Every structure is written in C-alpha cells, then in structure tokens.
Amino acid sequence: MPYVLLVIAVIILLLIFCNVRIVPQAAEEVVEFLGKYKTTWSAGVHVKVPFFERVAKRVTLKEQVLDSPPQAVITKDNVTMQIDTVVYFSIFNAKLYAYGAVNPISALENLTATTLRNIVGEMELDGTLTSRDTINGKMAAILDEATDQWGIKVNRVELKNIIPPSEIQSAMEKQMKAERDRRETLLQAEGHKAASITRAEGEKQAMILAAEGERDARIARAQGEAQAIYLAKEAEAKGLALLREAGADAAVLELKKYEALVKMADGKASKIIIPTDAVSAVKKNVIFSETAGVGDVTREAADDPIPEESDPCCDRFKEENLDENKDE
C-alpha cells in the first residue's frame with residue numbers, strides 16, 4: 001500500500017512538471033480548453049490542466065521580415081518589369097493570428113503581390129522608377145488595413161529591386177548618357193562665357209588704367225611746362241628789375257627786347273614783325289655806339305680774298321637762279 005501511494009505521488013508530480021509552461025519574453029501562447037479558445041498566456045510561468053488544456057499556438061511579438069520573390073508587374077504603358085518587395089510586420093494579437101487565417105504569412109505574401117500589381121498598373125514606367133516612396137506608402141497603408149483581422153501590424157514596405165526589360169535599360173542608359181553630355185556641353189559653354197567676360201573686363205580695366213596713366217602724364221607734363229614758363233618769366237622779370245635798379249636807360253631796355261625777338265626768331269619758318277619804334281631805338285643805339293666807341297666789335301678787314309675758280313656747272317646753276325628771281 002505505501003508503494004502505491006508513492007507511485008501515485010510520483011505520477012502527480014510528473015504531471016505537474018509536464019504541465020508547467022514558461023513563456024519567454026516577447027512571446028505569447030494561445031491556450032484551448034477542450035478545443036475551445038480559453039486564454040492567451042504572456043511571458044512568465046503558467047500551469048495548464050492536463051488532458052483538458054493545450055497550447056494551440058505560440059507566436060512571437062518581435063518584428064519579422066517577409067522577403068517576397070520578384071513579381072512580374074505590368075505598368076500603365078504596357079512595360080513588364082520584375083519587382084521584389086520586403087515587408088516588415090509584427091503580431092499584435094495572438095488570438096487573431098491563430099484563428100484569423102490558416103497561414104497568415106502566406107496570405108500576407110500573396111496580398112503583397114496583388115497590391116503591388118494594382119498600384120504599379122496605374123502608373124507609367126518613369127513614374128514607377130521615380131516614385132518608390134509613394135508606392136511604399138500606399139502598400140503599407142493597404143496591407144496594414146487588410147491584415148488587422150489577422151492580428152498582424154504592417155510597419156513598412158520597401159521595394160527592394162525594380163528590374164525593367166533589357167531594351168528599356170539600354171534606352172535608359174543612352175538617355176542618361178545624352179543627358180550627361182548635354183550637361184557637360186552646357187558647363188563648358190558657361191565656362192567659356194565666364195572666361196570671355198573676365199578677359200574682356202580685364203582688357204577694359206587695363207585700357208582704363210592706361211588712359212588714366214596717359215592723362216596723369218599729360219597733366220604732369222603740362223604742369224612742368226607751366227612751371228618752367230613761370231620760372232622763365234619770373235627770371236626775366238627779375239633781370240629787368242635788376243636793370244632798372246642798376247640805372248639802365250630806355251635804350252638798353254629796347255636792346256633787350258630786340259635780343260628777345262632774335263631768340264624767338266631762332267627757328268624754322270618763323271616770321272618776326274618788328275615795330276617801328278623798336279627799329280628807331282636800335283638805330284639810335286647804333287649811332288650812339290659808333291659815336292661813343294662803345295661795343296665796337298667790327299672785325300678788321302681780312303686779306304685780299306682768293307679768287308674763286310669758275311665752275312661751269314655751278315655758274316650755269318647760279319645764272320638760272322638769277323633768271324628765275326628776275327622773272328618773279
């Protein structure tokens with residue numbers, strides 16, 4: 001009898017240990033009682049009733065990734081391309097996930113493919129290639145709303161690859177190359193334009209500086225000439241003042257005027273008109289000099305001149321000049 005009780009106690013302990021459930025963190029278990037949903041166990045230690053309760057499904061609450069294979073999608077302009085997507089989702093309700101669909105992951109994958117075809121079918125090729133964010137947002141909203149009854153929360157959807165046909169790729173590469181060539185030509189033209197403008201501005205500035213330098217040089221020369229004339233006149237005035245202080249008479253002053261006129265006539269093609277009063281003053285001074293013997297610088301007569309030999313050529317030339325002078 002004691003052995004029977006011991007065996008019964010061991011069996012009870014084994015049953016208890018076998019029915020103790022430890023649910024890990026970020027996981028839940030769906031429990032059924034006699035085939036009917038009873039409760040959902042969260043993280044912790046739980047004990048189920050043997051033979052009457054069972055764990056129908058264990059789910060993880062972590063975010064999961066569904067990488068769908070490439071799908072053939074036809075755009076609005078009848079271009080067939082291959083697009084594969086990546087769906088990031090998590091389970092927020094274990095009961096709905098366990099009883100909402102037979103295979104929720106497969107259902108989500110098929111729903112992703114059909115939704116992608118519907119969205120891309122309303123867009124053209126260029127819009128599909130440049131509107132990834134728009135497609136991602138629309139798919140995430142549609143899938144999230146459709147999977148709520150399965151206990152699934154779709155966090156985001158990303159288009160992994162968009163593979164157009166080979167001929168479309170070749171055309172796109174040619175278009176891209178043409179666009180780059182156009183940009184290169186435009187940049188070169190802008191560079192040449194900027195260089196020409198800079199060169200023209202430099203030449204303009206150089207001409208302005210040269211003109212300013214020539215102007216300053218002319219002003220400096222004019223100022224120098226004016227200063228020289230002023231100093232010459234000032235020296236002449238001082239000389240006349242000294243003559244007056246020395247008691248020079250009017251005749252001497254007239255002679256000075258005459259000397260000044262002679263200096264002015266010391267040049268080519270110069271004509272000097274001497275007033276009559278200056279001529280009369282010179283005559284008086286000459287008479288005075290001859291009478292007083294002052295300033296007599298008359299040279300003595302030279303010896304008999306040597307007769308020049310006649311040259312027929314020169315004599316004929318002189319006669320012709322004399323004849324022309326007579327005719328005039």
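Here is a friendly conversation about the terms used for this model and the values behind them.

Modeller: Before we start, this is a predicted model, in which local features need pLDDT of at least 70, side-chain atom pairs count only at pLDDT 80 or more, and totals for chains, interfaces and linings use all residues. Residues are numbered from 1 along each chain as its sequence is written, and side-chain values use heavy atoms, with hydrogens and water left out.

Biologist: How do you know how many helices and strands the protein chain has?

Modeller: Helices (H or I, at least four residues) and strands (E, at least two) are DSSP runs, numbered from the N terminus. By that rule the protein chain has 9 helices and 9 strands.

Biologist: What does Thr85 touch?

Modeller: A contact means heavy atoms within 4.5 Å. Leaving out residues up to four places away in sequence, Thr85 touches several residues, among them Leu66, Thr112, Met139 and Leu159.

Biologist: And what are Ala26 and Phe51 called, buried, partly exposed or exposed?

Modeller: Ala26 has a relative accessible area of 25%, so it is partly exposed. Phe51 reaches 72%, so Phe51 is exposed. Ala26 sits in the loop between strand S1 (20-23) and S2, while Phe51 lies in the loop between strand S4 (44-47) and S5.

Biologist: What makes their phi angles worth a look?

Modeller: Most residues other than glycine have a negative phi. Ala26 is not a glycine, yet its phi is positive, about 60°. Phe51 is not a glycine either, and its phi is positive at about 70°.

Biologist: How do you know that S2 and S3 are paired?

Modeller: Two strands pair if DSSP finds at least two bridges between them. Strand S2 (residues 27-33) is joined to S3 by 5 bridges, so the two count as paired, and they run antiparallel. Val31 stands opposite Thr39 in S3. S2 and S3 form a hairpin with 2 residues between them, and Leu34 in the turn has a positive phi of about 55°.

Biologist: In what order do the strands of that open sheet come?

Modeller: The order of the 3 strands is S3-S2-S5, with antiparallel pairing. Strand S3 (36-41) and strand S5 (53-60) are called edge strands because each pairs on one side only.

Biologist: How do you know what span to expect for helix H5?

Modeller: The expected span is 1.5 Å times one less than the number of residues. Helix H5 (residues 132-146) has 15 residues, and its reach of 21 Å from first C-alpha to last is close to the expected 21 Å.

Biologist: Which residues of H5 are buried?

Modeller: Ile135, Asn136, Met139, Ala140, Leu143 and Asp144 are buried in H5. They cover an arc of only 145° around the axis, which puts them on the same side of H5; the arc is that of the directions from the helix axis to the C-beta atoms. These buried residues pack against strand S8 (80-91), helix H3 (104-121), helix H4 (125-130) and strand S9 (152-163).

Technical notes: Buried means under 20% relative accessible area, exposed over 50%, partly exposed in between (1.4 Å probe, protein chains only).
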